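Student: I have a structure here and would like to understand the labels attached to it. Could we go through them together?
Tutor: Gladly, let's look at it.

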Amino acid sequence: MNIVCIAWGSLLWKPQGLKLASGWHPGGPPLPLEFVRQSDDSPELALVLCDSARLAPTYWAYLDTHDLNEARAMVGEREKIAPGRPEWIGSIPALDGAREDPRIAAWLRSRRIDAAVWTAVPPKFDGQNGRVPSADEVIRWLDSRSGERRAAAEDYIRRTPAHIDTRNRRAIEARLGWRPLREAHVTQAR
């Protein structure tokens with residue numbers, strides 16, 4: 001079974017623990033992405049799947065495993081997903097309560113790839129899973145960061161590939177001036 005990981009955020013420049021069998025390829029399935037997740041243990045406002053967001057491009061890489069459970073475990077460990085939240089690790093074939101995404105399923109069929117895994121954590125704001133903040137709330141929260149926490153939040157947003165163009169990213173660029181970095185940050189396919 002060939003298995004790929006689909007990614008769009010920090011996995012692209014910091015795969016930590018994901019055993020990749022290739023570099024990241026552009027042209028993954030377009031998915032609804034937005035900067036709407038405050039993390040419990042990091043200062044970033046993460047780019048995550050968000051049903052109300054517009055579709056954005058993603059990347060994909062082959063994983064160095066043929067076991068779907070191992071692939072899911074790699075994503076879970078890298079993303080620090082609690083064992084009680086298996087649905088926060090997307091996969092096709094779907095396991096452990098994960099929803100099967102028809103866009104990803106169609107993309108896999110078109111590429112003749114057997115399986116995929118991805119991060120499926122929900123939006124989160126003010127400690128509430130599922131809460132999607134407004135652009136004004138995002139700007140206020142990011143602007144309230146200071147020192148290293150602000151630098152890390154800015155770095156995350158600026159490292160995200162420029163063509164992942166979201167509404168909140170446009171608001172952040174307009175109001176905070178955090179534009180994408182020009183140099184490539186994605187480990188390219190070998």
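Tutor: Keep in mind that this is a predicted model. Let's start with Asp 155, which has a relative accessibility of 32% and counts as partly exposed.

Student: Why is Asp 155 called partly exposed?

Tutor: Its value is 32%, and the class covers what lies between under 20% (buried) and over 50% (exposed). Arg 159, at 26%, therefore counts as partly exposed by that rule too.

Student: What makes Arg 159 and Asp 155 a salt bridge?

Tutor: Their side chains meet at 2.9 Å, N to O, and the cut-off is 4 Å from a side-chain nitrogen of Lys or Arg to a carboxyl oxygen of Asp or Glu. The value is within the limit, so the pair qualifies. Both residues lie in helix H4, 4 residues apart, about one turn of the helix.

Student: Let's turn to the rings. Why is the pair of Trp 13 and Tyr 156 called edge-to-face?

Tutor: The search of the whole structure finds 4 aromatic pairs. In this one, the ring centres are 5.6 Å apart and the planes are at 65°. Pairing needs centres within 6.5 Å and edge-to-face needs planes over 60 degrees apart, so both conditions hold. Trp 13 sits in the loop between S1 and S2 and Tyr 156 in helix H4, so the pair ties together parts that are 143 residues apart in sequence.

Student: What makes Phe 35 and Tyr 156 an edge-to-face pair?

Tutor: Their centres are 6.3 Å apart, with 85° between the planes, so the pair passes the 6.5 Å and 60 degree limits. Phe 35 lies in strand S2, 121 residues from Tyr 156 in helix H4. Trp 13, Phe 35 and Tyr 156 form one aromatic cluster. Trp 13 and Tyr 156 are buried, and Phe 35 is buried too.

Student: How do you know that the charged end of Arg 37 sits over the ring of Trp 88?

Tutor: The distance to the ring centre is 5.2 Å, and the limit is 6 Å, along with an angle within 35 degrees of the ring normal. The charged end of Arg 37 is assigned to that ring.

Student: Finally, why are the buried residues of H2 said to be on the same side?

Tutor: Ile 104, Ala 105, Trp 107 and Leu 108 are the buried residues of helix H2. They cover an arc of only 165° around the axis, which puts them on the same side of H2. On the other side, Pro 102, Arg 109 and Ser 110 are exposed.

Student: What covers the buried residues of H2?

Tutor: The cover includes strands S1, S2, S4, S5 and S6.

Note on methods: Residues numbered from 1 in each chain as written. Predicted model: local features only at pLDDT ≥ 70, side-chain atom pairs only at ≥ 80, totals over all residues. Heavy atoms only, no water. Buried < 20%, exposed > 50% of the residue type's maximum accessible area, 1.4 Å probe, protein only. Helix = DSSP H or I, 4+ residues; strand = E, 2+ residues; numbered from the N terminus. Arc of directions from axis to C-beta. Contact = heavy atoms within 4.5 Å. Phe/Tyr/Trp six-rings, centres within 6.5 Å; stacked < 30°, edge-to-face > 60°.
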